[in-house]
Amino acid sequence: MKTKKAEKTVPRHPMEELIRSERLPHIWCAGCGIGTVFGSVMAAIQKSGYDLDKTAIVSGIGCTARMAGYIRLDSFHTTHGRALPFATGLKLARPELKVLVVSGDGDLLAIGGNHFIHAARRNIDITVICVNNLNYGMTGGQLAPSTPFGAKTTTSVTGCPEEPFNFCYLAAACGAVYVARWTSLHIRRLTNSITEAMQKRGFGFVEILTPCPTSFGRRNKIGTALETLKFYHERSVIRNDIDPKEAPIDFGSNIVVGKFVDTERPTFMDNYQLSCKNRIGDWPDFEGTIVPENQAG
Amino acid sequence: MADKAVLTGTYFMNGDYACCEGALAAGCRFFAGYPITPATEIAERMSRRLPELGGIYIQMEDEIASMAAILGASWGGVKAMTSTSGPGFSLMMENIGLGICTETPCVICNVQRAGPSTGLPTLVGQGDMMQARWGSHGHYEVIALAPSSPQEMFDLTVRAFNLSEQYRIPVMIMADEVVGHMNERVVIPRREEIELVGRRKPKVSPHDYLPYHPDPDGVAPMANCGDGYRIHITGLTHDERGYPGMDEKTQAQMVNRLIQKIVGNRDKIIRTENICLDDADVVVVAYGISARSARHAVRDARSGGIRAGLIKLETVWPFPETLIRDVASRVRALIMPEINAGQMVLELQRCAGGACPVHLVSHLGGSIIHPATILSAIKDAIKGEK
């Protein structure tokens, strides 16, 4: 009876049904941006209205990948870099599932880079959330494929000698049907983007720039979590619908965010079903309807 | 109407194709793979057969992805497999470990070629036997089978799926190039004659379900993704809830159970074919294509008046320790032919425990072991005793 009384007085957390509260406290550092993104992911899942029993989260290894352990959904914390091929198998084997992949930048685009380009090319119907904190946070701050040129990490103490990827440009080039970038300050836009990406049929990609004060910030001029967020607030410029090639993350001038790609094309499953019915068609299609541009009109 | 999944009948078929038909007869409806000699024919046939059956064939970007994809598919509730050879098997190791740790049923067929590295891509080897046992990091038990003919490629692939579902473990079929490429008579039985085992489902509500709480046989019932159980599955050391536990107690409990569910059931898992053991002076212990040569040699030895016997290993891991210990105590020698520099023979020696001499007939790869070589080893063993 006592517990009943307690339930009445403690207000329910709006995300209660989606959090494995028995697993708290979480592992994330004070000031980390992953918690904010986690909140947006859960809000988007609630907002999108999918059956929670048919929604699954797949992750690899890293700070972001630990989201899978805190969400009360079918959730799979797999091997480093391999969330996408695991998710590919899961989605194709059980197409009625809504499958999300949550991943850090190193997990998704260094060790998992090959899987990323192929999952996007195949247009596997999954939503990929990439938390980009510019370094490997869990292992204590090593350079990643996202680390800005010149930034200091534990494996680049005199400054990172490599140029980083522009993840959104890469995703678009590989054929993602939805591509957006936000910072962990753009909570409302981020939540909307994740919802939109989930509602797309095909490979959706949402990148979120977040502070990593423990591993990255303190070694670089970007500073504490609050200072990083202030920096993102001052430098972020929203440019929806531009070619992501023109949207690099340039810490010296502007950080371009926005929704860059929102398009349609057949998913892997659409085309696989055609191939099962032998309806893919001939290649090259000499009698097809494609007219070379210089002969058109 | 013809049964499209189980192609009942008698065929002249190669081992790779027979492996596919075994998988499909066992209910496999998901294949992820990457082309590699001499296993490519498995992927090729799967790419044609699975679409006819409403299944999925996907050619992944590498073997790492193939292994990850079949784990994902298995959690989706579908029987899944991949096939490969040495270099691809090496790439699969990390995710085989994930499959063992998360107790994910699936089947990996390794059509072995000679290594190390690229080695002899088109020629036979048996050099991955210890890799099958220990190739992924950490300590665990595995199940591996070794077919010695196209017919056994069919039969043992069916059994591999049954064992994987029953014990929730990736099962390895350790075939070889000759068995994979050889054409022989393959009899595919009628569907009702094929015994199939499916994974045990939870009998409790999602609220009461513990993903890694085992039944008395050490195996936990498995909820699939999407069944409403909202499971959390991780490759981290985990407790019965599936939640990470970063301490030695959780580690000991998890690893012990992973080991015990195989060790405790090994009498049900291990199968051998025992030929002329009762009066044998010398026993050849062999697996895969080398068991074919051994059978020939044992027959020739018997015709020449030598009391030879054969233990043909259908299950190579777990190893038939009890049987070997018993046989070693009453024979004059054990002989193992294998196409490597001596792998399973180490296990044979361990189990023989010094009760009798153990001899290796080694071939380093590129050809099968000629029966005459094994026969002469049998003769030498007899002579050596006198």
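This is a predicted model: local features need pLDDT of at least 70, side-chain atom pairs count only at pLDDT 80 or more; totals for chains, interfaces and linings use all residues.
Chain A has a secondary structure of 10 helices and 8 strands, where helices (H or I, at least four residues) and strands (E, at least two) are DSSP runs numbered from the N terminus. The radius of gyration of chain A, taken over C-alpha atoms, is 21 Å, close to the 19 Å that the globule rule gives for 297 residues, so chain A is as compact as a globular protein of that length; the rule itself is 2.2 Å times the number of residues to the power 0.38. Along the principal axes, the C-alpha atoms of chain A fill a box of roughly 75 × 60 × 35 Å. Of its 297 residues, 49% count as buried, a residue being buried if 20 or more other C-beta atoms, placed from the backbone, lie within 10 Å of its own, exposed if 12 or fewer do, and partly exposed in between.

Within chain A, helix α9 (residues 225-235) has A225(A), T228(A) and Y232(A) among its residues, and these three are buried. Seen down the axis of α9(A), the buried residues fall within an arc of 65°, so they line one face of the helix; the arc is that of the directions from the helix axis to the C-beta atoms. An α-helix has 3.6 residues a turn, so residues three or four places apart point the same way. The face of α9(A) turned away from the buried side carries the exposed residues L226(A), H233(A) and E234(A). The cover over the buried residues of α9(A) includes the strands β5 (178-183), β6 (204-209), β7 (236-238) and β8 (255-262) of chain A.

The loop between β7 and β8 of chain A holds I249(A), which counts as buried because it has 22 C-beta neighbours inside 10 Å. Leaving aside its neighbours within four places in sequence, I249(A) is in contact with L209(A) and I255(A), two residues being in contact if their C-beta atoms, placed from the backbone, lie within 7 Å.

Chain B has 13 helices and 16 strands. Its radius of gyration is 21 Å, close to the 21 Å that the globule rule gives for 386 residues, so chain B is as compact as a globular protein of that length. Buried residues make up 56% of the 386 residues in chain B.

Strand β2 (residues 30-33) of chain B pairs with β4(B) in the parallel sense over 2 bridges, where two strands pair if DSSP finds at least two bridges between them, and F31(B) stands opposite M81(B). Strand β5 (residues 106-114) of chain B also pairs with β4(B) in the parallel sense, over 4 bridges, and there the bridge partner of M81(B) is V107(B).

The domain assignment, automatic or from a database, gives chain B domain 1 (9-193) and domain 2 (272-385).

Between the chains, 30 residues of chain A are in contact with 36 residues of chain B. On the side of chain A that touches chain B, β2 (74-77), α4 (83-93), α6 (113-122) and α10 (268-276) of chain A each supply at least two residues, and the largest share, 8 residues, comes from α4(A). Strand β2(A) also pairs with strand β10 (residues 232-234) of chain B in the parallel sense over 3 bridges, with I233(B) as the bridge partner of F76(A).

Conventions
Residues are numbered from 1 along each chain as its sequence is written. Chains are lettered from A and ligands numbered from 1 in the order in which they are written.
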